[in-house]
Amino acid sequence: MDDTVEDPPTSAVLLDHCHFAQVIFNSVEKFYVPGGDITCYYTLTQHFIPRRKDWIGIFRVGWKTTREYYTFMWVTLPIDLNSESTKQQEVHFKAYYLPKDDEYYQFCYVDQDGVVRGASIPFQFRPESEEDILVVTTQGEVEEIDQRNKELCKENQELKDSCSSLQKQNSEMQAELQKVQGLQEELETLKSINKKLEQKVKEQKDCWEIELLQLKEQNQKMSSENEKMGNRVDQLQAQLLIQEKEMEKLTQGDKDKTEQLEHLKKENNQLFLSLTDQKKHQKQLEQTVLEMKQKETAAARKRQELTDQNFDLSKRLSENEFICKTLQRENEKMEGENDLLKRENSRLLSYMGLDFDSLPYQVPASAQGGARQNPGLVYGNPYCGIQESSSPSLASIKKCTTCHVDFTDDVTKEGHTVEHHMQGVCLDCPVCNKSFPVDQMQIFEDHVLCHSL
(Lines give C-alpha, C1' and ligand atoms only; values in the text may rest on other atoms or scores of the structure.)
Protein backbone atom coordinates (compact mmCIF):
# COMPACT_ATOMS: atom_id res chain seq x y z
CA MET A 1 0.00 0.00 0.00
CA ASP A 2 1.12 3.57 -0.57
CA ASP A 3 3.24 5.19 2.16
CA THR A 4 0.83 8.13 2.54
CA VAL A 5 -1.61 8.07 5.42
CA GLU A 6 -4.42 9.56 3.33
CA ASP A 7 -7.35 7.19 2.85
CA PRO A 8 -8.77 6.72 -0.65
CA PRO A 9 -12.21 8.11 -1.54
CA THR A 10 -14.86 5.42 -1.01
CA SER A 11 -18.63 5.09 -0.97
CA ALA A 12 -21.02 3.19 1.30
CA VAL A 13 -23.68 2.94 -1.42
CA LEU A 14 -24.33 -0.47 -2.97
CA LEU A 15 -22.90 -0.30 -6.48
CA ASP A 16 -24.25 -1.54 -9.79
CA HIS A 17 -22.14 -2.93 -12.63
CA CYS A 18 -23.04 -0.44 -15.39
CA HIS A 19 -19.60 1.35 -15.31
CA PHE A 20 -17.35 -1.72 -14.79
CA ALA A 21 -16.25 -1.83 -18.47
CA GLN A 22 -14.63 1.63 -18.59
CA VAL A 23 -11.30 0.24 -17.28
CA ILE A 24 -10.14 -3.22 -18.46
CA PHE A 25 -7.59 -5.30 -16.50
CA ASN A 26 -5.10 -7.33 -18.57
CA SER A 27 -2.89 -10.37 -17.90
CA VAL A 28 -4.49 -11.27 -14.55
CA GLU A 29 -3.19 -14.67 -13.31
CA LYS A 30 -5.39 -17.32 -11.73
CA PHE A 31 -3.16 -17.26 -8.66
CA TYR A 32 -0.07 -15.43 -7.35
CA VAL A 33 2.70 -17.01 -5.27
CA PRO A 34 2.79 -15.53 -1.72
CA GLY A 35 5.87 -13.58 -0.68
CA GLY A 36 6.43 -11.78 -3.98
CA ASP A 37 5.44 -8.42 -5.46
CA ILE A 38 2.71 -8.38 -8.12
CA THR A 39 2.04 -5.99 -11.00
CA CYS A 40 -1.48 -5.02 -12.05
CA TYR A 41 -1.89 -4.13 -15.75
CA TYR A 42 -4.96 -2.20 -16.93
CA THR A 43 -6.23 -0.31 -19.99
CA LEU A 44 -8.16 3.00 -20.02
CA THR A 45 -10.99 3.08 -22.58
CA GLN A 46 -11.74 6.13 -24.73
CA HIS A 47 -14.91 6.94 -22.75
CA PHE A 48 -13.07 7.32 -19.43
CA ILE A 49 -10.83 10.16 -18.24
CA PRO A 50 -8.67 9.43 -15.11
CA ARG A 51 -8.38 11.94 -12.26
CA ARG A 52 -5.84 12.64 -9.53
CA LYS A 53 -7.60 10.79 -6.68
CA ASP A 54 -8.30 7.57 -8.63
CA TRP A 55 -6.97 4.37 -7.06
CA ILE A 56 -6.81 0.58 -7.58
CA GLY A 57 -7.71 -1.69 -4.68
CA ILE A 58 -7.63 -5.43 -3.96
CA PHE A 59 -11.09 -6.59 -2.82
CA ARG A 60 -12.18 -9.98 -1.48
CA VAL A 61 -14.76 -11.54 -3.81
CA GLY A 62 -18.25 -10.82 -2.50
CA TRP A 63 -17.63 -7.16 -1.54
CA LYS A 64 -20.62 -4.81 -1.47
CA THR A 65 -19.12 -1.30 -1.16
CA THR A 66 -15.75 0.28 -1.94
CA ARG A 67 -15.02 0.60 1.79
CA GLU A 68 -14.29 -3.15 1.93
CA TYR A 69 -10.88 -2.96 0.18
CA TYR A 70 -7.96 -4.97 1.59
CA THR A 71 -5.17 -2.75 0.21
CA PHE A 72 -4.89 -0.07 -2.49
CA MET A 73 -2.45 1.91 -4.67
CA TRP A 74 -2.87 5.40 -6.20
CA VAL A 75 -2.91 5.43 -10.00
CA THR A 76 -0.47 7.49 -12.08
CA LEU A 77 -2.08 10.05 -14.40
CA PRO A 78 -0.84 9.76 -18.03
CA ILE A 79 0.78 12.82 -19.59
CA ASP A 80 -1.07 12.64 -22.92
CA LEU A 81 -4.56 11.14 -22.74
CA ASN A 82 -4.90 10.96 -26.54
CA SER A 83 -1.84 8.72 -26.98
CA GLU A 84 -2.40 4.98 -27.35
CA SER A 85 0.67 4.16 -25.23
CA THR A 86 -0.68 6.09 -22.24
CA LYS A 87 -3.88 4.04 -22.19
CA GLN A 88 -1.83 0.99 -21.09
CA GLN A 89 -1.06 1.55 -17.38
CA GLU A 90 0.25 -0.52 -14.46
CA VAL A 91 0.67 -0.35 -10.67
CA HIS A 92 2.89 -2.43 -8.35
CA PHE A 93 1.74 -3.99 -5.05
CA LYS A 94 4.41 -4.85 -2.46
CA ALA A 95 4.40 -8.37 -1.02
CA TYR A 96 4.20 -7.05 2.56
CA TYR A 97 0.70 -5.58 2.00
CA LEU A 98 -0.79 -8.52 0.08
CA PRO A 99 -3.26 -11.02 1.65
CA LYS A 100 -1.86 -14.13 3.33
CA ASP A 101 -4.88 -16.47 3.01
CA ASP A 102 -6.07 -18.47 -0.01
CA GLU A 103 -9.39 -16.63 -0.49
CA TYR A 104 -10.41 -15.26 -3.90
CA TYR A 105 -9.64 -11.56 -4.58
CA GLN A 106 -9.96 -9.18 -7.54
CA PHE A 107 -8.60 -5.79 -8.70
CA CYS A 108 -11.05 -2.86 -8.85
CA TYR A 109 -10.46 0.62 -10.33
CA VAL A 110 -12.21 3.29 -8.19
CA ASP A 111 -12.43 6.96 -9.21
CA GLN A 112 -12.22 9.90 -6.83
CA ASP A 113 -16.02 9.86 -6.38
CA GLY A 114 -15.89 6.31 -4.96
CA VAL A 115 -17.44 4.75 -8.11
CA VAL A 116 -16.03 1.47 -9.49
CA ARG A 117 -14.99 1.87 -13.13
CA GLY A 118 -13.52 -1.60 -13.74
CA ALA A 119 -13.09 -5.04 -12.10
CA SER A 120 -10.79 -7.97 -12.90
CA ILE A 121 -11.36 -11.72 -12.83
CA PRO A 122 -10.91 -13.45 -9.41
CA PHE A 123 -7.49 -14.80 -8.34
CA GLN A 124 -5.82 -16.43 -5.30
CA PHE A 125 -2.61 -16.12 -3.29
CA ARG A 126 -1.25 -19.69 -2.92
CA PRO A 127 1.94 -21.60 -3.78
CA GLU A 128 2.28 -23.41 -7.07
CA SER A 129 1.62 -27.17 -6.99
CA GLU A 130 1.78 -30.04 -9.45
CA GLU A 131 -2.01 -29.98 -9.78
CA ASP A 132 -1.76 -26.52 -11.33
CA ILE A 133 0.37 -27.74 -14.24
CA LEU A 134 -1.62 -30.91 -14.88
CA VAL A 135 -4.37 -30.73 -17.47
CA VAL A 136 -7.55 -32.06 -15.86
CA THR A 137 -8.60 -34.04 -18.88
CA THR A 138 -8.15 -37.57 -20.17
CA GLN A 139 -4.43 -36.79 -20.51
CA GLY A 140 -4.20 -36.86 -16.70
CA GLU A 141 -5.75 -40.30 -16.66
CA VAL A 142 -3.20 -41.41 -19.28
CA GLU A 143 -0.35 -40.16 -17.10
CA GLU A 144 -1.86 -41.95 -14.10
CA ILE A 145 -2.04 -45.18 -16.12
CA ASP A 146 1.59 -44.73 -17.21
CA GLN A 147 2.58 -44.28 -13.56
CA ARG A 148 0.67 -47.42 -12.68
CA ASN A 149 2.38 -49.20 -15.56
CA LYS A 150 5.77 -48.18 -14.18
CA GLU A 151 4.82 -49.48 -10.74
CA LEU A 152 3.67 -52.79 -12.25
CA CYS A 153 6.91 -53.06 -14.21
CA LYS A 154 8.83 -52.44 -11.00
CA GLU A 155 6.83 -55.15 -9.20
CA ASN A 156 7.42 -57.45 -12.17
CA GLN A 157 11.17 -56.84 -11.92
CA GLU A 158 11.05 -57.56 -8.19
CA LEU A 159 9.18 -60.79 -8.90
CA LYS A 160 11.78 -61.73 -11.50
CA ASP A 161 14.55 -61.07 -8.97
CA SER A 162 12.71 -63.21 -6.42
CA CYS A 163 12.31 -65.95 -9.02
CA SER A 164 16.03 -65.82 -9.77
CA SER A 165 16.76 -66.06 -6.04
CA LEU A 166 14.46 -69.10 -5.77
CA GLN A 167 16.15 -70.70 -8.77
CA LYS A 168 19.52 -70.10 -7.09
CA GLN A 169 18.25 -71.73 -3.89
CA ASN A 170 16.93 -74.63 -5.95
CA SER A 171 20.31 -75.14 -7.59
CA GLU A 172 21.95 -75.06 -4.15
CA MET A 173 19.48 -77.68 -2.91
CA GLN A 174 20.16 -79.80 -5.96
CA ALA A 175 23.88 -79.53 -5.18
CA GLU A 176 23.19 -80.70 -1.61
CA LEU A 177 21.11 -83.52 -3.04
CA GLN A 178 24.00 -84.53 -5.24
CA LYS A 179 26.21 -84.53 -2.14
CA VAL A 180 23.68 -86.84 -0.45
CA GLN A 181 23.80 -89.11 -3.48
CA GLY A 182 27.59 -89.10 -3.18
CA LEU A 183 27.23 -90.16 0.47
CA GLN A 184 24.93 -92.95 -0.60
CA GLU A 185 27.53 -94.10 -3.09
CA GLU A 186 30.11 -93.92 -0.35
CA LEU A 187 27.71 -95.97 1.80
CA GLU A 188 27.49 -98.56 -0.90
CA THR A 189 31.25 -98.61 -1.09
CA LEU A 190 31.42 -99.04 2.63
CA LYS A 191 28.98 -101.91 2.45
CA SER A 192 31.13 -103.62 -0.12
CA ILE A 193 34.14 -103.04 2.07
CA ASN A 194 32.12 -104.38 4.98
CA LYS A 195 31.42 -107.56 3.09
CA LYS A 196 35.07 -107.95 2.26
CA LEU A 197 35.92 -107.35 5.87
CA GLU A 198 33.34 -109.92 6.96
CA GLN A 199 34.98 -112.37 4.68
CA LYS A 200 38.34 -111.46 6.13
CA VAL A 201 36.78 -111.63 9.59
CA LYS A 202 35.54 -115.06 8.83
CA GLU A 203 38.94 -115.97 7.58
CA GLN A 204 40.58 -114.29 10.49
CA LYS A 205 37.74 -114.55 12.99
CA ASP A 206 39.84 -114.98 15.90
CA CYS A 207 42.24 -112.21 14.94
CA TRP A 208 39.79 -109.65 13.79
CA GLU A 209 36.91 -110.13 16.26
CA ILE A 210 37.60 -106.88 17.99
CA GLU A 211 37.94 -105.06 14.66
CA LEU A 212 34.62 -106.63 13.54
CA LEU A 213 32.86 -105.23 16.54
CA GLN A 214 34.31 -101.82 15.81
CA LEU A 215 33.20 -102.07 12.23
CA LYS A 216 29.68 -103.00 13.32
CA GLU A 217 29.53 -99.99 15.53
CA GLN A 218 30.82 -97.87 12.69
CA ASN A 219 28.20 -99.45 10.39
CA GLN A 220 25.44 -98.64 12.82
CA LYS A 221 26.61 -95.06 13.00
CA MET A 222 26.70 -94.82 9.23
CA SER A 223 23.18 -96.32 9.05
CA SER A 224 21.85 -93.72 11.48
CA GLU A 225 23.58 -90.99 9.51
CA ASN A 226 22.18 -92.43 6.29
CA GLU A 227 18.69 -92.40 7.79
CA LYS A 228 19.12 -88.81 8.87
CA MET A 229 20.32 -87.87 5.42
CA GLY A 230 17.27 -89.63 3.87
CA ASN A 231 14.91 -87.64 6.11
CA ARG A 232 16.78 -84.50 5.13
CA VAL A 233 16.38 -85.34 1.44
CA ASP A 234 12.63 -85.85 1.93
CA GLN A 235 12.35 -82.47 3.66
CA LEU A 236 14.30 -80.79 0.87
CA GLN A 237 12.08 -82.36 -1.78
CA ALA A 238 8.91 -81.22 0.05
CA GLN A 239 10.34 -77.71 0.37
CA LEU A 240 11.25 -77.75 -3.31
CA LEU A 241 7.65 -78.65 -4.22
CA ILE A 242 6.34 -75.78 -2.07
CA GLN A 243 8.75 -73.33 -3.70
CA GLU A 244 7.74 -74.58 -7.15
CA LYS A 245 4.06 -73.94 -6.29
CA GLU A 246 4.89 -70.43 -5.01
CA MET A 247 6.86 -69.77 -8.15
CA GLU A 248 3.83 -70.87 -10.25
CA LYS A 249 1.58 -68.50 -8.24
CA LEU A 250 4.01 -65.61 -8.75
CA THR A 251 4.19 -66.38 -12.48
CA GLN A 252 0.38 -66.49 -12.70
CA GLY A 253 0.14 -63.18 -10.77
CA ASP A 254 2.61 -61.60 -13.17
CA LYS A 255 0.52 -62.85 -16.09
CA ASP A 256 -2.69 -61.46 -14.53
CA LYS A 257 -1.07 -58.08 -13.98
CA THR A 258 0.15 -58.03 -17.58
CA GLU A 259 -3.40 -58.79 -18.80
CA GLN A 260 -4.78 -56.05 -16.51
CA LEU A 261 -2.25 -53.60 -17.96
CA GLU A 262 -3.38 -54.50 -21.50
CA HIS A 263 -7.01 -54.00 -20.44
CA LEU A 264 -6.19 -50.58 -19.00
CA LYS A 265 -4.46 -49.62 -22.25
CA LYS A 266 -7.57 -50.63 -24.23
CA GLU A 267 -9.81 -48.60 -21.89
CA ASN A 268 -7.46 -45.63 -22.29
CA ASN A 269 -7.76 -45.85 -26.09
CA GLN A 270 -11.55 -46.09 -25.86
CA LEU A 271 -11.66 -43.04 -23.57
CA PHE A 272 -9.49 -41.07 -25.99
CA LEU A 273 -11.77 -41.98 -28.92
CA SER A 274 -14.86 -41.08 -26.85
CA LEU A 275 -13.30 -37.71 -25.95
CA THR A 276 -12.60 -37.01 -29.65
CA ASP A 277 -16.23 -37.84 -30.56
CA GLN A 278 -17.50 -35.60 -27.77
CA LYS A 279 -15.37 -32.70 -29.04
CA LYS A 280 -16.73 -33.17 -32.57
CA HIS A 281 -20.29 -33.31 -31.22
CA GLN A 282 -19.66 -30.18 -29.15
CA LYS A 283 -18.44 -28.32 -32.26
CA GLN A 284 -21.58 -29.44 -34.15
CA LEU A 285 -23.77 -28.22 -31.28
CA GLU A 286 -21.96 -24.86 -31.23
CA GLN A 287 -22.49 -24.52 -35.00
CA THR A 288 -26.18 -25.41 -34.60
CA VAL A 289 -26.59 -22.85 -31.80
CA LEU A 290 -24.96 -20.18 -33.99
CA GLU A 291 -27.30 -20.98 -36.88
CA MET A 292 -30.32 -20.89 -34.56
CA LYS A 293 -29.24 -17.47 -33.26
CA GLN A 294 -28.90 -16.17 -36.82
CA LYS A 295 -32.35 -17.51 -37.72
CA GLU A 296 -33.80 -15.99 -34.57
CA THR A 297 -32.25 -12.61 -35.44
CA ALA A 298 -33.67 -12.78 -38.98
CA ALA A 299 -37.10 -13.76 -37.63
CA ALA A 300 -37.02 -10.88 -35.15
CA ARG A 301 -36.06 -8.45 -37.94
CA LYS A 302 -38.88 -9.81 -40.17
CA ARG A 303 -41.35 -9.58 -37.27
CA GLN A 304 -40.30 -5.96 -36.67
CA GLU A 305 -40.83 -5.15 -40.36
CA LEU A 306 -44.29 -6.77 -40.30
CA THR A 307 -45.09 -4.85 -37.12
CA ASP A 308 -44.05 -1.57 -38.79
CA GLN A 309 -46.13 -2.40 -41.88
CA ASN A 310 -49.09 -3.29 -39.69
CA PHE A 311 -48.69 0.00 -37.82
CA ASP A 312 -48.57 1.95 -41.12
CA LEU A 313 -51.65 0.10 -42.44
CA SER A 314 -53.48 0.73 -39.16
CA LYS A 315 -52.56 4.40 -39.37
CA ARG A 316 -53.76 4.64 -42.98
CA LEU A 317 -56.95 2.75 -42.07
CA SER A 318 -57.59 5.19 -39.22
CA GLU A 319 -57.01 8.12 -41.57
CA ASN A 320 -59.34 6.59 -44.19
CA GLU A 321 -62.01 5.94 -41.56
CA PHE A 322 -61.70 9.56 -40.42
CA ILE A 323 -61.99 10.77 -44.05
CA CYS A 324 -64.97 8.45 -44.65
CA LYS A 325 -66.74 9.72 -41.57
CA THR A 326 -65.97 13.32 -42.57
CA LEU A 327 -67.39 12.69 -46.06
CA GLN A 328 -70.45 10.98 -44.59
CA ARG A 329 -71.09 13.98 -42.34
CA GLU A 330 -70.58 16.32 -45.33
CA ASN A 331 -72.93 14.19 -47.41
CA GLU A 332 -75.57 14.26 -44.70
CA LYS A 333 -75.13 18.01 -44.44
CA MET A 334 -75.51 18.39 -48.23
CA GLU A 335 -78.61 16.17 -48.22
CA GLY A 336 -80.10 18.31 -45.46
CA GLU A 337 -79.37 21.47 -47.43
CA ASN A 338 -80.81 19.82 -50.55
CA ASP A 339 -84.02 18.93 -48.67
CA LEU A 340 -84.17 22.48 -47.35
CA LEU A 341 -83.81 23.86 -50.89
CA LYS A 342 -86.49 21.48 -52.20
CA ARG A 343 -88.88 22.61 -49.49
CA GLU A 344 -88.09 26.26 -50.27
CA ASN A 345 -88.57 25.62 -53.98
CA SER A 346 -91.87 23.89 -53.34
CA ARG A 347 -92.96 26.81 -51.16
CA LEU A 348 -92.09 29.31 -53.89
CA LEU A 349 -93.82 27.25 -56.54
CA SER A 350 -96.92 26.91 -54.41
CA TYR A 351 -96.85 30.67 -53.86
CA MET A 352 -96.71 31.15 -57.61
CA GLY A 353 -99.60 28.76 -58.07
CA LEU A 354 -97.61 25.88 -59.56
CA ASP A 355 -97.28 22.24 -58.60
CA PHE A 356 -93.69 21.04 -58.12
CA ASP A 357 -94.42 17.49 -59.32
CA SER A 358 -96.10 18.68 -62.54
CA LEU A 359 -93.62 21.52 -63.17
CA PRO A 360 -91.73 19.87 -66.10
CA TYR A 361 -95.03 19.35 -67.97
CA GLN A 362 -96.48 22.90 -67.53
CA VAL A 363 -96.12 25.52 -70.18
CA PRO A 364 -96.11 29.27 -69.46
CA ALA A 365 -99.11 31.30 -70.46
CA SER A 366 -97.14 33.30 -73.06
CA ALA A 367 -96.28 30.08 -74.92
CA GLN A 368 -99.98 29.23 -75.39
CA GLY A 369 -100.78 32.45 -77.26
CA GLY A 370 -102.88 34.23 -74.64
CA ALA A 371 -103.56 34.63 -70.98
CA ARG A 372 -105.76 31.83 -69.71
CA GLN A 373 -107.61 32.61 -66.57
CA ASN A 374 -107.45 30.21 -63.67
CA PRO A 375 -110.87 28.58 -63.49
CA GLY A 376 -110.76 28.87 -59.75
CA LEU A 377 -110.63 32.69 -59.90
CA VAL A 378 -113.72 34.78 -60.60
CA TYR A 379 -111.97 37.74 -62.21
CA GLY A 380 -108.91 35.96 -63.39
CA ASN A 381 -105.23 36.17 -62.23
CA PRO A 382 -104.17 39.79 -61.81
CA TYR A 383 -100.44 38.85 -62.14
CA CYS A 384 -100.79 36.93 -65.35
CA GLY A 385 -99.78 39.85 -67.53
CA ILE A 386 -96.77 40.50 -65.40
CA GLN A 387 -95.54 36.95 -65.86
CA GLU A 388 -95.99 37.16 -69.57
CA SER A 389 -94.15 40.40 -69.93
CA SER A 390 -91.34 40.34 -67.41
CA SER A 391 -90.81 36.86 -65.91
CA PRO A 392 -88.99 34.07 -67.73
CA SER A 393 -90.45 30.59 -67.84
CA LEU A 394 -89.78 28.36 -64.85
CA ALA A 395 -88.38 25.69 -67.13
CA SER A 396 -85.59 28.09 -68.19
CA ILE A 397 -84.66 29.16 -64.62
CA LYS A 398 -81.43 27.60 -63.22
CA LYS A 399 -80.06 27.95 -59.68
CA CYS A 400 -76.43 27.76 -58.51
CA THR A 401 -76.06 24.96 -55.98
CA THR A 402 -73.32 26.86 -54.15
CA CYS A 403 -74.41 30.45 -53.83
CA HIS A 404 -78.16 29.86 -54.75
CA VAL A 405 -78.20 32.56 -57.51
CA ASP A 406 -80.92 32.19 -60.27
CA PHE A 407 -79.91 32.12 -63.96
CA THR A 408 -81.89 31.89 -67.19
CA ASP A 409 -80.79 30.43 -70.48
CA ASP A 410 -80.89 33.75 -72.32
CA VAL A 411 -79.76 36.07 -69.56
CA THR A 412 -76.28 36.23 -68.05
CA LYS A 413 -75.28 37.60 -64.74
CA GLU A 414 -72.40 40.02 -65.02
CA GLY A 415 -71.50 38.59 -68.42
CA HIS A 416 -71.35 34.88 -67.35
CA THR A 417 -73.74 31.97 -67.84
CA VAL A 418 -74.55 29.49 -65.07
CA GLU A 419 -71.91 27.07 -66.37
CA HIS A 420 -69.19 29.72 -66.21
CA HIS A 421 -70.40 30.77 -62.81
CA MET A 422 -70.33 27.16 -61.48
CA GLN A 423 -66.81 26.61 -62.81
CA GLY A 424 -65.62 29.67 -60.93
CA VAL A 425 -67.10 28.83 -57.53
CA CYS A 426 -67.31 24.96 -57.56
CA LEU A 427 -65.00 21.92 -57.79
CA ASP A 428 -66.43 18.95 -59.76
CA CYS A 429 -65.44 15.33 -58.94
CA PRO A 430 -63.95 13.72 -62.09
CA VAL A 431 -65.52 10.35 -61.12
CA CYS A 432 -69.07 11.04 -59.95
CA ASN A 433 -69.42 14.75 -61.09
CA LYS A 434 -70.30 15.85 -57.56
CA SER A 435 -69.69 19.57 -56.94
CA PHE A 436 -67.89 21.08 -53.94
CA PRO A 437 -67.40 24.77 -53.01
CA VAL A 438 -63.93 26.22 -53.54
CA ASP A 439 -63.50 26.83 -49.81
CA GLN A 440 -63.93 23.06 -49.20
CA MET A 441 -60.77 22.04 -51.04
CA GLN A 442 -59.70 19.49 -48.36
CA ILE A 443 -63.11 17.76 -48.44
CA PHE A 444 -62.95 17.64 -52.25
CA GLU A 445 -59.46 16.00 -52.15
CA ASP A 446 -60.60 13.46 -49.52
CA HIS A 447 -63.65 12.66 -51.66
CA VAL A 448 -61.50 12.00 -54.77
CA LEU A 449 -59.11 9.88 -52.61
CA CYS A 450 -62.04 7.71 -51.46
CA HIS A 451 -62.68 6.76 -55.11
CA SER A 452 -59.08 5.52 -55.42
CA LEU A 453 -59.50 3.33 -52.29
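Predicted model: local features only at pLDDT ≥ 70, side-chain atom pairs only at ≥ 80, totals over all residues.
R347 counts as partly exposed, at 46% relative accessibility.

R347 has a partner, E344. Their side chains meet in a salt bridge, with 2.4 Å from N to O. Both residues lie in helix 3. They are three residues apart, about one turn of the helix. E344 is partly exposed too, with a relative accessible area of 34%. Side chains of opposite charge can pair when their charged atoms come close.

**The chain as a whole**

Now step back. The protein chain has six helices and 13 strands. It holds 453 residues, of which 23% count as buried. How much of the contact in the chain comes from residues 24 or more positions apart? Such residues account for 60% of the contacts with a separation of 6 or more.

**A network of salt bridges**

The count of salt bridges comes to five. Which residues are linked in a network of them? The members are R51, D111, D113 and R117.

Take D111 and R51. They form a salt bridge, and their closest N and O atoms are 3.7 Å apart. This pair links distant parts of the chain, 60 residues apart. D111 sits in the loop between strand 7 (105–110) and strand 8 (116–119). R51 sits in the loop between strand 3 (38–44) and strand 4 (55–60).

Is D111 buried or exposed? D111 has a relative accessible area of 1%, under the 20% cut-off, so it is buried. R51 is at 31% relative accessibility and therefore counts as partly exposed.

D111 also pairs with R117. In that salt bridge the closest N and O atoms are 3.0 Å apart. R117 and D111 are both buried.

| Salt bridge | N to O distance |
|---|---|
| D111 and R51 | 3.7 Å |
| R117 and D111 | 3.0 Å |
| R347 and E344 | 2.4 Å |

**Where helix 3 meets helix 6**

Helix 3 returns here. It spans residues 209–351, while helix 6 spans residues 441–452. The axes of the two helices come within 10 Å. At what angle do they cross? The crossing angle is roughly 115°. That makes helix 3 roughly perpendicular to helix 6. The crossing is left-handed.

Which residues make the contact? From helix 3 come I323, L327 and E330. From helix 6 come I443, D446, H447, L449 and C450. The residues of this contact divide into five nonpolar, one polar and two charged.

**Another residue of helix 3**

G253 is also found in helix 3. G253 counts as partly exposed, at 23% relative accessibility. Its C-alpha atom is separated by 9.5 Å from that of L159. Along the chain, G253 and L159 are 94 residues apart.

**Before strand 1**

E6 lies in the segment before strand 1 (23–26). What does E6 touch, leaving out residues up to four places away in sequence? E6 touches K53, F72 and W74. Its relative accessible area is 37%, which means that E6 is partly exposed.

S27 is found in the loop between strand 1 and strand 2 (31–32). S27 is not a glycine, although its phi is positive, at about 55°. At 56% relative accessibility, S27 counts as exposed.

N433 lies in the loop between strand 12 (426–428) and strand 13 (435–437). What is the phi of N433? Its phi is near 60°, a positive value in a residue other than glycine. Is N433 buried or exposed? N433 has a relative accessible area of 61%; this is over 50%, so N433 is exposed.

How values were computed
Residues numbered from 1 in each chain as written. Heavy atoms only, no water. Axes fitted to C-alpha atoms, helices over the stretch in contact; angles between N-to-C directions. Helix = DSSP H or I, 4+ residues; strand = E, 2+ residues; numbered from the N terminus. Parallel < 35°, antiparallel > 145°, perpendicular 65-115°, else oblique. Left-handed = near helix turned anticlockwise from the far one by under 90°. Contact = heavy atoms within 4.5 Å. Nonpolar A, V, L, I, M, F, W, Y, C, P; charged D, E, K, R; others polar. Salt bridge = Lys/Arg side-chain N within 4 Å of Asp/Glu carboxyl O. Buried < 20%, exposed > 50% of the residue type's maximum accessible area, 1.4 Å probe, protein only.
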